[in-house]
Amino acid sequence: MNHSSRETDMKSGIDPTMIKKDFPILKKKMNGKPLIYLDSAATSQKPKEVIDAITEYYENYNANIHRGIYKIAETATEKYIESKRKLARFIGAGKFEEIIYVRNTTEAINLVALTWGMSNIKKGDRILISEMEHHSNIVPWQMLAKRKGAVLDYIKMDNNMEGLSEQSLREQIEKGPKMLAITHVSNVLGSINDVKRITKLAKKEGTTVLIDGAQSAPHMPVDVRAIGCDFFALSGHKMLGPTGIGALYGKTELLESMEPLFGGGDMIKSVAFDSYTPNDLPWKFEAGTSNIEGGIALGTAVDYLERIGMENIRGHEKELTAYALERLAKINGLKVFGYGRADIEKRGGVVSFSLDKIHPHDVSAVFDSFGIAIRAGHHCAMPLVRGIFKVGALSRMSFYLYNDKSDIDSAIDAIGSVKKVFKVK
Amino acid sequence: MPLDIYAEEIISQYEHPHNKGKLTKYDVEFHDENPICGDDITIYVKIEKEKIAQVSFEGQGCAISQAGASMLTDFVKGMSISDAKKIDYEKVKEILGLDPGPARMHCAVLSAKALAGALESYMKAHK
């Protein structure tokens, strides 16, 4: 890292050199080169303390939660609930009862579509999403619309293909959809939607609002009550936690009005031969033995993020993104999608690009040979990438708290190598 | 993954693919795609006396899939339908002259899969 980039790295209050040390995988090599991980929008790496939390649970207090009248079962139950308290505080929810643990964002959205949606969406009702959604926030609504004979509408992208069209947003909300499900941050463009303002607009029409927070909760301060949304979905594995654990936040009154999704153990208060009484929140939605170690380790991940500070993380990623955009702009034949440097406030740490005459898969393969992990493809947003951008695939770099400017420098060098291999100037 | 897969021949055929474009006269066409990387291909085949008289392809994709289609279409010209249908991943590696590895296997076999699909549908129609 050169002198100037170190100075700027320090500005954000984050020292990635120190942070990198907390992540065992970042000491490893890939193809004989030190691993440079630029694919955190797909999944984040895990600090040692999160990995240790999983082992600690299994080595010291592995027991099923709830009802165990012995010490280690009590410890496991306490730690599991404690992790919900941490997550509730982390996203600004009122209480842990509003945090339902699920596998991931996808499951959280499906849960809402299959419970709230099945009871509240009727034939001819409108469901509103946007053109920049991840498949996880498209397909569950397509399925629901098909089941119910509802109409699925899309808020259009603006003409620059950077953010959502304000006109389309207003027109669609004025139609009074029953549900608005929208992403907080696009996983392809990094574009940040002003979900607080959008929710306010939707609320005037009496619309129920779900925010897909998969790409926001890991990277910036989130306050669900300030946003005013009814539901908020997130994935643990994108925010330093393990895979297989995610959360759905829902307002208490809504969660209470909803039918449980799965039936089984834990989700009931009592069962008779001909009936059951569902359990209190949040357990009503968590049938069967939970991902206990996942929940506990997610709590540890939240501790880690809060220690660093979400404002600091956002600031750091803004600096990295601005730096990447500046350097990428100088490369011949390279096109970056989404907001430019002037609009950095509207952009998260995700940079998708295309390189003239070279397929993203080949770009990614050459990066791989230098130990650099980036993603190539449609990024689970085929309607956006194929339908709007009219390209088959894109290359994507995404940043997190453990990245620094030298990682971006390495990526820029790798682009030079890609061009060399393909004899492109 | 080492850079070996981007051998001279692969890059050269990627830049200047053989047999690219739609045949003016063909007996069967077949479209296939690879959802993982977004590659797609359409194969056109002209059959004469149970043999591949002409073959071409259209599509877009990475260097491995495009160079692979170029080399495969060269390779199968004049081949009998039954022999061409037998082309498997091992044969594709031979035609490419390299092993693209597990992550790129689907790119390498896309054209062979499309060709097999074309020949299959030709045979169904001409039973």
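These legends walk you through several close-up views of a predicted model.

Local features are shown where pLDDT is at least 70 and side-chain atom pairs count only at pLDDT 80 or more, while totals for chains, interfaces and linings use all residues. Residues are numbered from 1 along each chain as its sequence is written, and chains are lettered from A and ligands numbered from 1 in the order in which they are written.

**View 1. Helices H12 and H15 of chain A cross at roughly 25°.** Helices (H or I, at least four residues) and strands (E, at least two) are DSSP runs, numbered from the N terminus. H12(A) covers residues 310–328, H15(A) covers residues 405–421, and their axes come within 10 Å. Axes are lines fitted to C-alpha atoms, for helices over the stretch in contact, and angles run from 0 to 180 degrees between N-to-C directions. The two helices are therefore roughly parallel (angles under 35 degrees count as roughly parallel, over 145 as roughly antiparallel, 65 to 115 as roughly perpendicular and the rest as oblique). Look for A:Leu320, A:Tyr323, A:Ala324 and A:Arg327 of H12(A), which make the contact with A:Lys405, A:Ile408 and A:Ile412 of H15(A). Residues are in contact if their C-beta atoms, placed from the backbone, lie within 7 Å. Five of these contact residues are nonpolar, none polar and two charged (Ala, Val, Leu, Ile, Met, Phe, Trp, Tyr, Cys and Pro count as nonpolar, Asp, Glu, Lys and Arg as charged, and the others, Gly among them, as polar).

**View 2. Helices H4 and H5 of chain B cross at roughly 95°.** Here H4(B) and H5(B) are therefore roughly perpendicular to each other. From H4(B), B:Tyr89, B:Val92 and B:Leu96 meet B:Met105, B:Ala108, B:Val109 and B:Ala112 of H5(B). This contact has seven nonpolar residues, with no polar and no charged ones.

**View 3. Seven strands of chain A form an open sheet with mixed pairing.** Their order is S4-S10-S9-S8-S7-S5-S6. Strands pair if DSSP finds at least two bridges between them. At the edges are S4 and S6, each pairing on one side only. S5(A) and S6(A) run parallel over five bridges, and A:Ile129 stands opposite A:Tyr154 in S6(A). Four of the five residues of S5(A) are buried, so this strand is largely enclosed by the rest of the structure (buried: 20 or more other C-beta atoms within 10 Å of a residue's own; exposed: 12 or fewer; partly exposed: in between; C-beta atoms are placed from the backbone). S7(A) and S8(A) are also parallel, joined by five bridges. Helix H4 of chain A lies across S4, S9 and S10, at about 115° to S4(A).

**View 4. Chain B has an open, antiparallel sheet in the order S1-S2-S3.** The edge strands are S1 and S3. Seven bridges join S1(B) to S2(B), and B:Asn34 stands opposite B:Asp39 in S2(B). Helix H5(B) packs on this sheet, touching S1, S2 and S3, and its direction makes about 150° with that of S1(B).

**View 5. Chain A meets chain B.** In this view, 16 residues of chain A are in contact with 13 residues of chain B. On the chain A side, H13(A) gives the most, with six residues. That side divides into six nonpolar, seven polar and three charged residues.

Note on methods. Contact = placed C-beta atoms within 7 Å.
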